[in-house]
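Thanks for asking me to look this one over. Here are my notes, point by point, to read alongside the structure.

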Amino acid sequence: MQERDLARTRRWITDEERREAERRVGAARRPPAPEWLIERGLDRNNIVSVHTVECWDPGKRARPVTRAQAIEALRHQVPACSKCRPDTVLGIEV
């Protein structure tokens, strides 16, 4: 009876070690979190505004972008979010 319990415990430990290894590999492969978001309109070609990733009001159609893409959008007259002020964070006068 004890040998059976010991075998089950060893299987459990092996399974947990495998899951932890898979979790670490997944975390290492995960792309870095975005810092900037661009909110698109209903037609997907219309850009509504630029947001920081911490913004509490980015809208449902916001997609992650690079810093360079956020700067380019602001320079092409895309409005900055009035709540998170990405233009101020990026040091761009609009």
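1. Which residues in α2 are buried? In this predicted model, they are A70, I71, A73 and L74. These four cover an arc of only 160 degrees around the axis, so they sit on the same side of α2. An α-helix has 3.6 residues a turn, so residues three or four places apart point the same way.

2. Now turn the helix over. The face of α2 directed away from its buried side carries A68 and R75, which are exposed. Just past the end of α2, Q77 adopts a positive phi of about 70 degrees.

3. What covers the buried residues of α2? The cover includes the strands β1, β2 (47-52) and β3 (62-65), along with the helix α3 (86-90).

4. On to the core. Twelve residues make up the largest nonpolar core, among them W36, V50, V65, L90 and I92. Two or more of its residues come from β1 (36-40) and from α2 (67-75). With four residues, α2 gives the largest share.

5. V50 belongs to this core. Neighbours within four places in sequence aside, V50 is in contact with residues including I38, A70, A73, L74, V78 and P86.

6. A word on the cysteines: the whole structure has zero disulfides. For C55, the nearest cysteine sulfur belongs to C81, 3.7 Å away, and a disulfide would need the two sulfur atoms within 2.5 Å. C55 counts as buried, at 10% relative accessibility. C84 is likewise in no disulfide, and its nearest cysteine sulfur, that of C55, is 3.7 Å away. C84 is buried too, with a relative accessible area of 15%.

Technical notes. Residues are numbered from 1 along each chain as its sequence is written. This is a predicted model: local features need pLDDT of at least 70, side-chain atom pairs count only at pLDDT 80 or more; totals for chains, interfaces and linings use all residues. Side-chain values use heavy atoms; hydrogens and water are left out. A nonpolar core is a set of buried Ala, Val, Leu, Ile, Met, Phe, Trp, Tyr and Cys residues joined through side-chain atoms within 4.5 Å. Buried means under 20% relative accessible area, exposed over 50%, partly exposed in between (1.4 Å probe, protein chains only). Contact means heavy atoms within 4.5 Å. The arc is that of the directions from the helix axis to the C-beta atoms.
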